[in-house]
Amino acid sequence: MCDNVLACTVKTPVALQIGDVKTDTARPGVFVIDVAFPQSVNLQEISFKNYYTAFLNVRLQKVDPESPESGAQWVTCLRNHCLMPNPHTEEGSQDYFSIYRQQMLMEPDNVTSVRLILRQPSSVWLNFTLEDIKIAECGTENSEKKCPSWFSNLTPVEQPMNLQAVSI
Amino acid sequence: MMDEGTELSVTIAQIVQKLKGSNLHSQLERQAKECLQRPEIQLEDLKEDVKEFLKKSGWETKLQNAVYRELNVLPPPSHPEAPAEHIKEPLAYLRKAQGSWEKRILKSLNSMCTELSIPLARKRPVNEQKELLNKWNEMGTDEPDLSHFRPVYAPKDFLEVLINLRNPNYDSSDQPSSKSHWGLIQVPLKVKDIPELRESFAELGLNSGQLGIDDTTQVPADVFESEHAGIGRKVLIEQDSAAAEQYIRQGCPNELRAELWALILNATNEPEDILYYEQLKSGVLHHDLLVDNLIYKDVKLTASNDDYYFVFEDYLYQVLLCFSRDTVVLEHFNYNSATPPKSYIQGKLGLEDYAVVYPPNGVIPFHGFSMYVAPLCFLYNEPSKLYTVFREMYVRYFFRLHSISSFSSGIVSLCLQFESLLQTHLPQLFYHLREIGAQPLRIAFKWMVRAFSGYLATDQLLLLWDRVLGYNSLEILAVLAAAVFAFRAQNLMEVTSLAAAEAVLADLSTLKVMPLLQIFLFATIM
C-alpha cells in the first residue's frame with residue numbers, strides 16, 4: 001500500500017457518438033477520458049468519485065523498457081467494471097471507487113497513459129463523468145507506509161519482564 | 001472497492017473501538033480477573049481456560065450480542081476518500097434538501113420562541129423543581145396553557161418536501177406515459193419488486209407458520225403455536241440476539257415479546273442503565289426546555305385522544321422528556337443524513353466553541369412523535385426499561401421515517417416502493433385514483449411515517465413491529481400499505497373524490513396484518 005499520488009494531466013472527456021456532436025439531439029452514451037504521465041510509471045491504484053457512470057473500461061499504454069525503440073502499445077486492463085448495478089437507478093451513482101493493481105488483467109507497469117472509457121446506457125441521465133481522478137504509484141520496498149489511525153488502538157503485545165535485569 | 005479482507009478488518013477495528021471502554025468491556029475484564037481464583041483455570045493454558053470460562057458462563061454470548069448490535073447499525077465500510085457527509089448520505093442533492101428542510105424547521109422553532117418570548121432553555125427555580133418531582137408520576141393531570149404552542153411540523157408538510165425532491169441530473173423532459181412513474185415521488189431510487197420481496201421475506205411464505213395467522217382459535221395449538229412458543233423460550237434461555245432476530249420473523253408470543261425485543265435490541269436494564277435514566281430525570285427537573293412544551297402538546301393532541309393509549313399518558317411524558325436530554329442519541333447522527341441543530345450562546349453566533357446542540361439529543365419532535373413510544377407501553381412498565389428500548393428503536397429504525405435519505409429503509413424509498421408496487425400490481429386502481437385527484441401516497445404517507453402506530457389495532461401493530469425487528473428493515477411498512485390498498489381496491493374503484501377515498505381508508509383497526517401481507521406477497525397472481 002502506498003500513497004504516492006502521481007502528478008498527471010487529466011484531459012477533458014471526449015464524447016464518442018455516431019453523427020455530428022453538435023446537431024445530434026441524442027446524448028452520447030460513451031465518454032473517453034485520457035490521463036497522461038510525464039514519464040512511464042508503475043501503477044498501484046486508480047481512485048475516483050463516480051458521477052452517474054454505469055460501466056468502466058480501462059486501457060493502458062505501455063512501453064517495453066527493454067526495447068524502447070518499439071512504440072507504445074495499448075492493452076485493456078479492466079473490462080466492463082460495473083459501477084452502477086442498475087443504470088436507471090441511483091445506486092452507486094455518486095460513490096467513491098478504487099481500482100487496485102490486483103484487479104487488473106495485466107501488470108500495470110511502465111505505463112505512459114491511461115484511457116478511461118465510460119459508458120452509461122440509460123437515457124434518463126443528462127450527464128455522466130468521473131470526478132477527482134487520482135492515480136497512485138507503486139512505492140519501493142522500503143517506503144514508509146502510512147498506517148490508518150486505528151492501528152494505534154490495538155493493544156501492544158506484552159513483553160515478558162526481564163527478571164535478570166532487575167537488581168535486588 | 002477494497003477487497004473483502006480489508007473491509008472485514010476495517011469493520012472489526014470500528015467495532016473494537018466502539019466497544020472499548022464500554023460497560024461490557026469493564027465487566028468482561030472484571031469477570032476475567034475474578035475467574036483466576038477458580039480451580040479449573042491452569043497457568044499453562046491461561047488464555048484458553050479463561051476463554052472457556054467466559055464461554056460457559058454466558059459472557060461470550062453477551063459480547064456476541066453487543067457485536068451483532070453494532071453490525072446491524074454500522075453503515076457498510078466506505079472508501080477512504082469518502083468524507084463523513086458522504087457516509088451519512090451519498091447523494092449530494094438529497095443532502096442539500098435535508099439541509100434546507102432542517103433550516104426551515106429551525107426557523108419555525110426560533111420564530112415560535114421569539115413570538116411567545118419563551119427562552120429555548122431555562123433553569124427551574126427550586127420550588128418548581130420540588131413540585132415537578134412530586135408530580136412526576138402524574139404529569140398528565142397537569143393542564144398547562146399550551147394554546148399558543150403549535151407543532152413545529154406535521155407529516156403532510158414533510159410530504160410536500162419529499163414530493164419536490166428532484167435530481168438535477170435526471171431527464172424529466174419526456175412526456176408522461178405508461179413507462180413513467182405515476183406517483184408523487186420523482187427520485188429514481190432502487191426499490192424491490194415482488195419477486196425480490198418474496199426472497200427477502202421468505203419466512204412469511206405460505207408454507208411457514210405465522211403468529212397472526214396460525215394462532216387463531218380455529219387452528220389447534222399444537223400445529224404451530226405451542227411449538228413456536230417452546231422455541232421462543234429456548235432462545236430466551238440462550239440469550240442470543242441473532243437467533244432471536246431469526247425467530248421473531250414468524251412472530252412472537254405475547255408473553256415473551258417484552259424480553260425478546262429487549263434481547264434483539266440488546267437493551268439492558270443493569271443498575272448502570274437505571275442510574276443513567278435517573279440522571280436524565282434530574283436533568284428534566286433542573287432545566288425546562290421549550291421542546292418540553294412541544295412534547296406536552298403532541299401527547300395531548302395524539303396519544304391522549306387514542307382509545308388504546310390514553311392510559312399511558314404519564315409514561316409518555318416520563319420517556320419523552322428524558323429522551324430530549326439524552327446526548328447518547330447524538331451518536332446516531334453518524335449514520336443519519338440529518339444533522340443536529342446547533343444554537344449559539346448569545347452574542348457568539350458562528351463561533352463553534354460557543355455552539356451547543358439543541359435540544360440536547362438533536363431531535364426536534366413533530367406532530368405524532370409520541371406515537372412511536374405509545375405501543376411500547378404495553379410491553380414495559382418500568383420507566384427505565386421502557387426508555388432504553390424506545391431509545392434503541394429510535395436510533396435503529398424510527399429516525400429513518402423523518403429524514404431525507406437514499407437508504408433502502410428511508411422514508412423516500414418506502415414511499416417509492418409503495419407507489420411502484422401499486423402501479424405494477426394494481427394499475428387500474430392507481431390510474432382511477434390519479435384521475436379523481438386522490439394520489440395514493442397522500443393517504444398512505446401518514447401510516448408509514450408513524451410505522452402504522454395509532455392506525456392498526458395494538459396486537460396487530462405489535463405483530464408488524466415483530467417483523468420490522470426480525471428483518472431489520474422498514475420495507476414491510478411499504479408492502480403493508482400496498483396490501484391495504486389491494487384489500488380495499490373494490491371500494492376504492494367506486495369513489496369519486498379524495499375525501500371519499502380517505503373515508504374508505506380511514507379505519508384500519510379491524511385489519512389483520514399478517515394475512516394481508518401473505519396474500520399480497522405470495523398469493524397475488526403476477
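**Close-up views: two contacts in a predicted model**

Between domain 1 of chain B and domain 2 of chain B, two residue pairs are in polar contact, both residues at pLDDT 80 or more.

**View 1. Domain 1 of chain B meets domain 2 of chain B.** On the domain 1 side six residues are in contact, and on the domain 2 side five.

**View 2. The area buried between the two domains of chain B.** About 460 Å² is buried between domain 1 and domain 2 of chain B, and carbon and sulfur atoms give 39% of this area. Look for B:N23, B:R69 and B:V73 here: this trio supplies 59% of what domain 1 buries against domain 2, more than any other three residues.

View 3. Two salt bridges are counted between domain 1 and domain 2 of chain B. A salt bridge joins B:K18 to B:E331, with 3.6 Å between the closest N and O atoms. On the side of domain 1 that touches domain 2, α2 (23–34) and α4 (59–73) of chain B each supply at least two residues. By type, that side of domain 1 of chain B has two nonpolar, two polar and two charged residues.

**View 4. Chain A against chain B.** Now we move to the contact between the chains, to which chain A brings 26 residues and chain B brings 23 residues. Together the two chains bury about 2,100 Å², with 53% of that area on carbon and sulfur atoms.

**View 5. A salt bridge between the chains, and the chain A side.** Two salt bridges are counted between chain A and chain B. In a salt bridge between B:D171 and A:R27, the side chains meet at 2.8 Å, N to O. For the side of chain A that touches chain B, the elements giving two or more residues are β5 (43–51) and β8 (96–100) of chain A. Of these, β8(A) gives the most, with four residues. Sorted by type, the chain A side of this contact holds nine nonpolar, 12 polar and five charged residues.

Note on methods:
Residues numbered from 1 in each chain as written. Chains lettered and ligands numbered in written order. Predicted model: local features only at pLDDT ≥ 70, side-chain atom pairs only at ≥ 80, totals over all residues. Heavy atoms only, no water. Contact = heavy atoms within 4.5 Å. Buried area = accessible area lost by both parts, 1.4 Å probe. Salt bridge = Lys/Arg side-chain N within 4 Å of Asp/Glu carboxyl O. Polar contact = N/O pair within 3.5 Å; in protein donor to acceptor, adjacent residues only side chain to side chain. Nonpolar A, V, L, I, M, F, W, Y, C, P; charged D, E, K, R; others polar.
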